[in-house]
Amino acid sequence: MRKLLVSFLGILLLCNTTLAQAPKKNSSSSIYHAIQKLNFLGSALYIAAHPDDENTRLISYLSNEVKANTAYLSLTRGDGGQNLIGPELRELLGVLRTQELLAARRIDGSQQFFSRAVDFGYSKHPNETLEIWNKEAVLGDVVRMIRKFKPDVIINRFDHRTPGSTHGHHTSSAMLSVEAFDLAANPNSYPDQLNRLDVWKPSRLFFNTSWWFYGSQEKFEAADKTKMLGFDIGVYYPMLGVSNNEIASLASSQHRCQGFGRLNTRGSEMEYIELLKGDLPEDKNNVFDGINTTWSRVEGGKAIGDILYGIEQNFNFKNPTTHIKKLVEAYQLIQKIPDTHWRDLKSKELQTIIASITGLYLEASSANASAYPGSTADINIEVLNRSQVDIKLRSVTIGNTKAKEKDLVLSNNEKKELKLALPIPENSSYTSPYWLNKKGTLGMYTVENPELIGNPETPPAFQAKFNIEIEGYPMTISKPVVHRYSKPDYGELYRPFDILPEVTARFQDKVLIFADGKPKKVPITITAHQDNIKGEIVFCYSNGWKVDRETRPFEISKKGDEQIVSFELTPPENEDESFIAPIIKVHGKEISKELVTIAYDHIPTQSVLLPSEAKVVRLNIEKVGEHIGYIAGAGDEVPKSLEQIGYQVHTIDPSSINAETLSKYGAIVVGIRAYNVVPEMKFKQKYLFDYVSNGGNLILQYNTAGRWDKQYEDIAPFPLKLSRDRVTNEDSKVEIIAKDHELVNYPNKITNKDFEGWVQERGLYFPNEWDGHFTPILSMGDKGETAKKGSLLIAPYGKGNYIYTGLSFFRELPAGVPGAYKLFANMLSVGKKNVEHMAKIKD
Ligand SMILES: [Zn+2]
């Protein structure tokens, strides 16, 4: 049902067309809504740190009720979080969340921007955040966005005055916004930006407060509100047929990888903002009070306003084409405004309105989803005027190629189709998220072209420029070249048209663990992005490692097909970590890229090109047992990692859990957040405890405290209370407190060295209270905090062992961290010492 609602809104709301989405189709009432927006010349910028921080209720209210040009600046792309819908993590999760934000903005009718800051994971204080981010650079990005977007008002999601009370990224976003508010107007700050941008002074800065920041509703009601503005954001839009808060719920439900899908809300609801800088408006319900938001704010605007306000007042819903002549006249006047900011913005808005009124359909669609540099793409062009308005097509240009030389009269509802063979220049850049093209640092993405900074995504590979003449007046309307196709079980679909290398290669495993000195087959999958391609693949590796052959040939006849080429890699004698990479030699070029495709039905399909490489680790690891059962939670790659060190991992369907299915395995591992996301778990707990009692090993990885039904009070066979305790610094000191426990001695001796080289964090949601049956194994803590002992707890229960661990194995194992493998092998082997001994005696 939600999908239906989304497309319904898509029809109703006339918002910025975004890359490769199905074209928006607008009714009279949504066109009228767009004309109202056209006649409002004011901008609002909302600032926070992550995808999902933004208050969609307020953003939608500003965009749809106030009708302001509205945007959300999220300092990060949310790379550091978890993914509830698929395997993407880190930079790939950032790509997915970027698109989820864009999907949300398409619904609430606003825009989306970012800085170069990386979401490197949780940080407890802004001091830590601003040390890892390059503070000067991120501040510069905020200044840049203010100068580019020119907001009259800025609204911060978080309070800059309370460091340490929330995620360090949150407070940092507010602190940087407060600083940037003044710097944007100062020609001496970031002067290099002023080559292309002007200084800008916003009028007001607010903090989007709520009772939550005051601790309770009562405290908030009693608070001094003289500097606060309040709005009823539950307003109903009869023109759109929805309430503002309904739009907001749909928008925030796009954060699907964060599990933010929620019920729509309706009805009166207050939202408050507190003035931090600028003058206090007299009208406490109007954030723009006293700011000129009419056409008279721009030079030459009065004559435009005279036309457009007239149309707004006497809009002809039955036949909006009666307004075309006047709209075209206004369009001509807008071309003459000296203020390029408003000229560009309002020209685009008015073009969309004119095209909607005339039912003008303009599309350039490639026959294929991708092409490679040096090839030719077949483009189908569809042009259709669905009105009596006089429209001519003069030409269509894509890149330097023209599809139509002579004028073509577009008569009412007579579809014109043109074909164009588009040469893709040899020097074309590949389509991939621009912020991932160069290696970044822990805290910052590297973006070489400053023009791209702030943009949500890479510009489309090609824009089709439709040069038309409407009522005798020339106008150029640009549309990204897309790929339109259909699926029998779905219907019409769109995706971006991408420029990709002719061939890409990927390792099947990003990390290869050599648990002993034996050689391993290393398969490399080569994917052809053109027909009839052949060449040679070169295997690159480090000193000490050996490979059976340096190169192998490959040949693939069909585009989209794959070939697997295997090399045999022998590890060195001693423990070692290094990287391997393939180089593909084809057409005299050397290509070493891997293509990752991110496809979900709530976002446009994304092609991400990454350096093709894999980490290889030579470990000296001992393990006991062979067959492990894995109950997947929110999705993690732990099973694949365990297979690498020789375990046979069997995925257990939660609905099939019973005494018999469990008894086959030497150990059962429960994936991250299983109790949060797998509803069946509440019925299966007794079987898991019986399994332990009968001699099994049960290992639970982290779950989020509080986010489940009451039934889970008994997540463990003995009382255990989860908390929000976490250790975020991956290098923080670890002390082994149960030195003699089997868990840190058998079969691998665990030492402090095994806690070196961890990534992103130590762990999260550690229990902070536990029954006396549990033994805490480790103690660890972030700088300036008391050490926590709940990261790894074990309790014997019956003949078996129950283990609860908030350590981030789901990050460490896929990253190939040797110590994490040894500790996990010990968890799986605990209690098996005698079993193994018995087996040896039998042999
Ligand atoms: Zn956040």
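In helix α16, the residues Met-681, Lys-684, Gln-685, Leu-688, Phe-689, Tyr-691 and Val-692 are buried. The structure is a predicted model. The helix lies across five strands, namely β34, β36, β37, β43 and β44, and these strands belong to an open sheet of seven strands. The points below treat this sheet and its helices, the zinc site, and several backbone features in loops.

**Helices on the sheet**

- Helix α16 covers residues 681–693 and runs at about 130° to β44.
- From its first C-alpha to its last, α16 reaches 18 Å over 13 residues, close to the 18 Å expected at 1.5 Å a residue.
- Gly-695 follows α16 and has a positive phi, near 115°.
- Across β34, β36 (667–670), β37 (697–700), β43 (792–797) and β44 (800–805) lies α16; helix α18 (residues 818–829) also packs on the sheet, touching β34, β36, β37, β43 and β44.
- The direction of α18 makes about 140° with that of β37.

**Strand order and pairing**

- The seven strands follow the order β35-β34-β36-β37-β44-β43-β41, and their pairing is mixed.
- Strands β35 (648–651) and β41 (775–776) stand at the edges with a single partner strand each, so one side of each has no neighbour in the sheet.
- Strand β34 (residues 627–631) runs parallel to β35, and four bridges join the two.
- His-627 stands opposite Gln-648, a residue of β35.
- Strands β36 and β37 also run parallel and are joined by four bridges.
- Ile-699 in β37 is the bridge partner of Val-669.
- On β37 and β44, four bridges again pair the strands in the parallel sense.
- Asn-697 stands opposite Asn-801 in β44.
- Within β37, Asn-697 and Ile-699 point one way while Leu-698 and Leu-700 point the other way, and all are buried.

**Zinc site**

- Three residues coordinate the zinc ion at 2.0 to 2.1 Å: His-50 through ND1, Asp-53 through OD and His-170 through NE2.
- The spacing of these donor residues in sequence is H-x2-D-x116-H.
- His-50 lies in the loop between β1 (43–48) and α3 (56–65), whereas His-170 lies in helix α7 (residues 168–183), so the pair ties together parts that are 120 residues apart in sequence.
- His-50 has a relative accessible area of 8% and is therefore buried, the cut-off being under 20%.
- His-170 also counts as buried, at 11% relative accessibility.

**Backbone features in loops**

- Most residues other than glycine have a negative phi, and most peptide bonds are trans.
- Asn-413 has a positive phi of about 65° although it is not a glycine.
- The loop between β15 (408–410) and β16 (416–423) contains Asn-413.
- With a relative accessible area of 52%, Asn-413 is exposed, since the cut-off for that class is over 50%.
- His-587, a residue other than glycine, likewise has a positive phi, near 50°.
- The loop that holds His-587 lies between β29 (576–586) and β30 (589–591).
- Tyr-746 and Pro-747 are joined by a cis peptide bond with an omega of about -10°.
- Pro-747 lies in the loop between β39 (734–736) and β40 (763–770).

Methods
Residues numbered from 1 in each chain as written. Predicted model: local features only at pLDDT ≥ 70, side-chain atom pairs only at ≥ 80, totals over all residues. Heavy atoms only, no water. Pairing = 2+ DSSP bridges. Contact = heavy atoms within 4.5 Å. Axes fitted to C-alpha atoms, helices over the stretch in contact; angles between N-to-C directions. Buried < 20%, exposed > 50% of the residue type's maximum accessible area, 1.4 Å probe, protein only. Donors = N, O, S within 2.8 Å, 3.2 Å for Na, K, Ca; no water. Expected span 1.5 Å × (residues − 1).
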